[in-house]
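Welcome! Please take a look at the sequence and the fold below, and then we will walk through them together.

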Amino acid sequence: MIRILVADDHAIVREGLKLIIGETDDMSVVGEAADGWETLDKVAAGGYDIVLLDISMPGLNGLDVLRRLQEGYPDLPVLVLSMYPEQQYAIRAIKNGAAGYITKEEASVSLTGAIRKISNGGRYITPTVAEKLAECMFENSGTDFPHQLLSEREYDVMLAIASGKRLNLIAADLGISAKTVSTYRARLLKKMGMQSDADIVRYVMKSGLLHSA
């Protein structure tokens, strides 16, 4: 029996996922979490074979939870679940250690198959995501989503700038110097072919990336 922890801040979504999983005989939802910190607490208590993790949750967002799980529980597979199109967050989730990425829209059809594949040591990656991963490997700056080429720290700085924070505040939040923040800013501007903070704000808003912050 595959024991699953479902982490999503919407009770109705958790109930829906439990119904889908409940139709099978080889897997069961044995735990639920409504935010990032509760997810980490539940995992620490043990008893799970897979974590089904929403990417957008209050408190500690899904990507931060994923990073912490990879650091503390590298052998625990995580299937990221999101309402956002896979081209926005799938690459970042996979790069941070997710065993797969599935949209809530396709969950009713593909969820149980994805869980089985991951529980057997595989990865659930759609052809679209596989193609984007290949692009990133070759640092194809022509990708439709250039933020996928950023390092995690560059990505964090980008979101902070887009949210209106000044460099000194970003530095304090990240525990680095303002000079280092400026270096990351320069790097991300170059990688994304941008000239100013205004370009960053427009890109982030258009892409809906602040939903993951």
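Which residues in helix 7 are buried? They are Glu154, Tyr155, Val157, Met158, Leu159, Ala160, Ile161 and Ala162, where buried means under 20% relative accessible area, exposed over 50%, and partly exposed in between (1.4 Å probe, protein chains only). With 8 of the 11 residues of helix 7 (residues 152-162) buried, this helix is largely enclosed by the rest of the structure. After helix 7 comes Gly164, which has a positive phi, near 95°.

Before going on, a word on the basis: this is a predicted model, in which local features need pLDDT of at least 70 and side-chain atom pairs count only at pLDDT 80 or more, while totals for chains, interfaces and linings use all residues. Residues are numbered from 1 along each chain as its sequence is written, and side-chain values use heavy atoms, with hydrogens and water left out.

**The chain as a whole**

The protein chain has 10 helices and 5 strands; helices (H or I, at least four residues) and strands (E, at least two) are DSSP runs, numbered from the N terminus. Of its 213 residues, 48% count as buried. The accessible surface of the chain comes to about 10400 Å², and 52% of that belongs to carbon and sulfur atoms; these areas come from the Shrake-Rupley method with a 1.4 Å probe, and for residues only the protein chains shown count as cover.

The 5 strands form an open sheet in the order 2-1-3-4-5, with parallel pairing; two strands pair if DSSP finds at least two bridges between them. Strand 2 and strand 5 (100-103) are at the edges with a single partner strand each, so one side of each has no neighbour in the sheet. Strand 1 (residues 2-7) and strand 2 (residues 27-33) run parallel and are joined by 6 bridges.

**The nonpolar cores**

The largest nonpolar core has 47 residues, and Met158 and Ile200 have the most contacts inside it. Such a core is a set of buried Ala, Val, Leu, Ile, Met, Phe, Trp, Tyr and Cys residues joined through side-chain atoms within 4.5 Å. Helix 7 gives the largest share of this core, 7 residues. Apart from it lies another core, of 20 residues, among them Ile2, Ile20, Leu52 and Ala107. In general, nonpolar side chains tend to be buried together in soluble globular proteins.

Arg67 has its place in helix 3 (residues 62-72), while Ala98 sits in the loop between helix 4 (86-95) and strand 5. The C-alpha atoms of Ala98 and Leu53, 45 residues apart along the chain, are separated by 9.4 Å. The table gives the accessibility of both residues.

| Residue | Relative accessibility |
|---|---|
| Arg67 | Arg67: 18%, buried |
| Ala98 | Ala98: 0%, buried |

Leaving out residues up to four places away in sequence, Arg67 touches Asn96, Glu152 and Asp156, where contact means heavy atoms within 4.5 Å. With that same exclusion, Ala98 touches Leu66, Val78, Val80, Ala93 and Arg123.
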